[in-house]
Amino acid sequence: MIDILAAILAAIGAGFMLVAALGVVAFRDTFARLHCAGKSATLGVASMLLAAALWSGDGGVALRCALAAAFFLFTGPIGCHALARAVWRTRA
Amino acid sequence: MSALLLVLQIAVGLASLLALWRLVRGPHLADRVVALDLLATLAVGFLVLRAFQTGHWLYVDVALGIGLISVVGTVAFGSFVEHRAREAREEGP
């Protein structure tokens with residue numbers, strides 16, 4: 001059961017990453033690219049780390065994976081916001 | 001599980017190639033930084049998949065290190081872009 005859940009989570013993560021890369025290539029504006037890379041990729045990597053936490057079966061590894069997922073969920077928007085702010089102020 | 005992991009790794013590798021294309025092509029510096037940030041995130045995902053595959057969970061620590069450095073790098077690049085534009089405006093015509 002946990003195996004299936006972890007596989008589904010990992011597949012969701014890889015799918016979100018692929019969508020993020022597709023958007024970064026296809027979108028025309030820098031802000032659109034930021035929007036795509038900042039959200040989908042963050043969610044993808046967090047989902048993949050949660051899958052690893054579920055599948056590892058080891059308490060320490062699961063805790064580390066969950067902490068890493070929380071770290072990515074916090075810092076992804078920070079980096080995205082810093083970059084978007086720089087682009088916005090540069091073009092104004 | 002191993003066949004699924006192979007498919008997921010191919011998907012992440014394809015995404016890395018797409019991000020690399022944007023890194024090479026990107027018209028502005030900010031586009032390149034976006035692509036670089038995405039590449040670091042994809043590297044983290046690939047390392048987690050590799051940890052799945054081999055059972056060496058040390059890869060997750062490596063992924064966490066890459067993520068740490070990538071965030072600091074993105075924020076620093078954003079600051080650099082902003083300051084460079086301001087200096088260019090002050091020196092301008």
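**Exercise 1. State what the buried residues of H3(B) pack against, and describe that helix.**

Solution. The buried residues of H3(B) pack against H2 and H3 of chain A, together with H2 of chain B. The model is a predicted one, in which local features need pLDDT of at least 70 and side-chain atom pairs count only at pLDDT 80 or more, while totals for chains, interfaces and linings use all residues. Residues are numbered from 1 along each chain as its sequence is written, and chains are lettered from A and ligands numbered from 1 in the order in which they are written.

Step 1 concerns the terms. Helices (H or I, at least four residues) and strands (E, at least two) are DSSP runs numbered from the N terminus. A residue is buried if 20 or more other C-beta atoms lie within 10 Å of its own, exposed if 12 or fewer, and partly exposed in between, with C-beta atoms placed from the backbone. Two residues are in contact if their C-beta atoms, placed in that way, lie within 7 Å.

Step 2 is the list of buried residues in H3(B), which are B:Tyr59, B:Val60, B:Ala63, B:Gly67, B:Ser70, B:Val71, B:Thr74, B:Phe77, B:Gly78 and B:Val81. An α-helix has 3.6 residues a turn, so residues three or four places apart point the same way.

Step 3 is the length: H3(B) has 34 residues and reaches 50 Å from its first C-alpha to its last, close to the 50 Å expected at 1.5 Å a residue, where the expected span is 1.5 Å times one less than the number of residues.

**Exercise 2. Work out how H1(A) is packed and how it lies relative to H1(B).**

Solution. Step 1: helix H1 of chain A (residues 2–26) has 25 residues and reaches 36 Å from first to last C-alpha, close to the 36 Å expected at 1.5 Å a residue. Its buried residues include A:Ala6, A:Leu9, A:Gly13, A:Phe16 and A:Met17, and the buried residues of H1(A) pack against helix H2 (30–56) of chain A together with helix H1 (2–25) and helix H2 (29–54) of chain B.

Step 1: H1(A) and H1(B) pack at an angle of about 20 degrees with their axes 8 Å apart, where axes are lines fitted to C-alpha atoms, for helices over the stretch in contact, and angles run from 0 to 180 degrees between N-to-C directions. The two helices are therefore roughly parallel to each other, since angles under 35 degrees count as roughly parallel, over 145 as roughly antiparallel, 65 to 115 as roughly perpendicular and the rest as oblique.

Step 2: among the residues making this contact are A:Ala7, A:Ala14 and A:Leu18 of H1(A), and B:Leu4, B:Ala11 and B:Trp21 of H1(B).

**Exercise 3. Describe the overall form of chain A and the side of chain B that touches chain A.**

Solution. Step 1: chain A has 3 helices and 0 strands, in the order α-α-α along the sequence. Its radius of gyration is 15 Å, well over the 12 Å that the globule rule gives for 92 residues, so chain A is more spread out than a compact globule; the radius is taken over C-alpha atoms, and the rule is 2.2 Å times the number of residues to the power 0.38. The C-alpha trace of chain A spans about 50 × 25 × 10 Å along its principal axes.

Step 1: 39 residues of chain B are in contact with 41 residues of chain A. The elements giving two or more residues to this side of chain B are H1, H2 and helix H3 (58–91) of chain B, and the largest share, 14 residues, comes from H2(B).
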